[in-house]
Every structure is written in structure tokens, then in C-alpha cells.
Amino acid sequence: MVFRIVADSSINMLGMDHVDFATVPMKILSGLNEYTDDASLNVESMCLDLETSKMKSSTSCPNILEWKDAFEGADEVLAITISKQLSGSYSSCTQAMTEFLEENPGAKGYVFDSLSTGPMMRMIAEKAVSIRNEGKDFEQMLEELNYFRQHARLIFTLASMNNLAKNGRVSPAIAKAAGILGIRLIAMGDETGSIKQIGRCRGENKLPRILLEEMEKNTYEGGHVHMDHCLNPRLADRIRDAILEKYPQAVVTIGEVTGLCAYYAERGGIIIGFEKREAGL
């Protein structure tokens with residue numbers, strides 16, 4: 001029996017130890033350049049290109065065939081996607097899963113909308129592995145994952161909003177003002193998978209404290225935190241230290257974004273997934 005986890009590349013990892021795991025790549029288009037979000041991508045070079053290019057940029061999600069290819073050979077497939085409010089990845093994955101299950105009548109499969117991206121997707125994948133390692137079946141795993149997803153949140157802070165502005169997510173005027181004044185956006189994913197701005201902060205000095213306060217408003221009490229940064233390890237370390245100073249028992253892990261999240265987070269961005277009080281882990 002082959003149990004496989006498949007995710008689009010906004011999960012910010014390319015493999016999991018002792019797990020049958022695969023990613024399907026997003027693509028980032030910048031002028032005449034196309035970047036595939038896989039192991040060959042140099043994130044810093046891509047960011048530099050995006051920062052200096054005056055041409056329009058965009059992203060594209062995996063197609064149906066790419067998802068189906070990643071499912072082939074598995075008996076049970078858990079597919080995890082970026083929030084369907086943010087990308088067409090969920091839609092193409094759902095169509096691929098329908099075709100895969102029709103062609104493989106004995107297989108099981110489920111498309112799990114993470115309602116988030118990046119570190120929250122990773123936490124969902126890790127939770128799935130933990131549940132299966134307890135000997136629970138596919139249906140029990142889905143039930144517990146749905147509960148976990150309801151009791152975890154994503155918060156992020158950006159130093160630049162240029163790419164969000166280029167893709168109509170914020171107004172160009174706000175993005176320009178933020179760049180000139182050194183203002184960082186603070187936003188959070190809600191229970192529907194949409195992004196809500198919750199604040200701003202000038203510079204980075206007070207940022208770790210402000211982020212922790214916002215997490216606590218959402219009933220964070222020292223649970224697991226996974227944080228991904230875009231070329232900003234120093235700030236990630238400061239946020240981790242602020243969390244551990246108040247919650248020494250917390251497990252805080254730090255990773256780096258890959259291409260899709262780097263495109264939207266941009267240089268200096270931080271994305272944080274965290275367990276709320278009710279996560280029950």
C-alpha cells in the first residue's frame with residue numbers, strides 16, 4: 001500500500017524524510033524569463049531579476065497532467081494545495097484527482113485546500129504523517145487534518161509589496177508609499193483562506209513583539225511554529241527568539257521560501273504558520 005503526499009510548490013519544501021512525497025511546480029514569469037519552482041531554482045537570482053525588471057510579471061499553477069503524473073503509482077493520495085482563494089492550483093488538482101480516481105478504481109484520494117500557503121502547508125503535511133504513523137487510516141487522517149486546519153493560522157509580514165501591486169492584490173499607491181516610508185505590511189490568513197491586512201509596522205525593531213502579540217490574539221499559547229523567510233534569516237531568528245523567550249517550551253522551526261512564495265513575499269518577507277490553543281497537539 002503506497003500512501004503519498006503531493007503538494008504544489010508553494011509548500012516551500014522539496015522532500016520529507018521517510019515519506020513518499022512529491023511536489024508539482026508553480027511557475028513564475030518575469031518578462032522573457034520563466035522560472036520553474038523546483039530544485040534547480042536560484043531564489044536570490046530570481047528575486048534580483050524581479051526587483052530590477054520593469055516588465056510585467058505573473059505566476060501560473062500546475063496543470064492537470066502535472067498533478068496526475070505526481071499521483072501515478074500511489075494507492076492513497078493526499079494532495080495539499082495553496083488556498084483556492086489565492087490560486088487556481090486547487091481547481092486543477094481537483095480535476096486531476098477526479099480523473100486519477102476514475103482511472104484507478106481501487107485508489108483513494110483527497111484534495112486538501114490548506115486555506116493558506118508555505119509553512120502552514122508544511123505543518124499540514126507533517127501532521128498527516130504523524131497521524132498515519134499512529135496507525136490511523138485514510139479517513140481518520142482526513143478528519144483530524146480538517147480539525148487541525150481549523151485551529152491553525154498563517155501570519156506574514158512583507159518589506160515590499162511590488163509584486164502584490166503588479167497582480168492587483170494591493171493598490172500601487174500603497175505599495176509605493178510602503179517602499180518609500182519603510183513600512184512593513186502585516187497580514188493574516190482567515191478561516192476562508194483569504195488574506196486580511198491587520199496592521200503595519202515601520203522598520204523591523206518592534207516587529208517580533210508585534211507579530212507575537214497578533215499570534216496571541218489568535219490564541220497562540222506556545223504551540224508549534226514554522227516560519228519561512230525570503231533572504232532574511234536575521235529577522236527570522238529574532239522572531240524565533242521572541243517566541244521562545246515567552247514560551248520556552250515552543251517548537252519553532254525555520255525554513256526558506258521557494259519560488260512561488262518568494263515571488264509574493266519578496267526579499268525580506270516572513271511567513272509564519274502557528275498552532276492555536278485548540279490545535280490539540
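1. R240 and D237 sit 3 residues apart in helix α9 (residues 233-246), about one turn of the helix. Helices here are DSSP runs of H or I with at least four residues, strands are E runs of at least two, and both are numbered from the N terminus. The two side chains form a salt bridge, 3.4 Å from N to O. The term means a side-chain nitrogen of Lys or Arg within 4 Å of a carboxyl oxygen of Asp or Glu. R240 is partly exposed at 25% relative accessible area. D237 is partly exposed too, at 29%. Buried stands for under 20% relative accessible area, exposed for over 50%, and partly exposed for the range in between (1.4 Å probe, protein chains only).

2. A word on the basis. This is a predicted model, in which local features need pLDDT of at least 70 and side-chain atom pairs count only at pLDDT 80 or more, while totals for chains, interfaces and linings use all residues. Residues are numbered from 1 along each chain as its sequence is written, and side-chain values use heavy atoms, with hydrogens and water left out.

3. How many salt bridges does the structure hold? The count is 21. One of them pairs E44 with R267, with the closest N and O atoms 3.8 Å apart. E44 belongs to helix α1 (residues 43-52) and R267 to the loop between α10 (259-265) and β13 (270-275), so the bridge ties together parts 223 residues apart in sequence. E44 is partly exposed at 45% relative accessibility. R267 is partly exposed at 32%. E51 joins E44 and R267 in a network of salt bridges.

4. R153 and E191 make another salt bridge, the closest N and O atoms being 3.7 Å apart. R153 is in strand β8 (residues 152-158), and E191 is in the loop between β9 (183-189) and β10 (195-202), so the pair ties together parts 38 residues apart in sequence. Are the two partners buried or exposed? R153 is buried, at 11% relative accessibility. E191 is exposed, at 55%.

5. N163 lies in helix α6 (residues 162-166). At 3% relative accessibility, N163 is buried. A polar atom of the N163 side chain lies 2.7 Å from the backbone oxygen of Y263. Setting aside residues up to four places away in sequence, N163 touches L50, S57, Y263 and E266. Contact means heavy atoms within 4.5 Å.

6. N232 is placed in the loop between β11 (225-229) and α9. N232 is buried, at 8% relative accessible area. Which residues does N232 contact, leaving aside neighbours within four places in sequence? They are R184, E204, G268 and I270.

7. The second largest pocket has a volume of about 210 Å³. A pocket is an open set of points on a 1 Å grid over the protein atoms alone, where a 1.4 Å probe fits, with protein on both sides within 12 Å along at least five of seven lines; lining residues have an atom within 4 Å of a point. The volume is the space filled by probe spheres set on the points, with points joined across faces, edges and corners.

8. The lining of the second largest pocket comprises 14 residues, with L41, V43, E256, V257 and T258 nearest the centre. By class, the lining has 7 nonpolar, 4 polar and 3 charged residues. Ala, Val, Leu, Ile, Met, Phe, Trp, Tyr, Cys and Pro count as nonpolar, Asp, Glu, Lys and Arg as charged, and the others, Gly among them, as polar.

Methods
A polar contact is a pair of N or O atoms within 3.5 Å; within protein, one must be able to donate a hydrogen and the other to accept it, and residues adjacent in sequence count only if both atoms are side-chain atoms.
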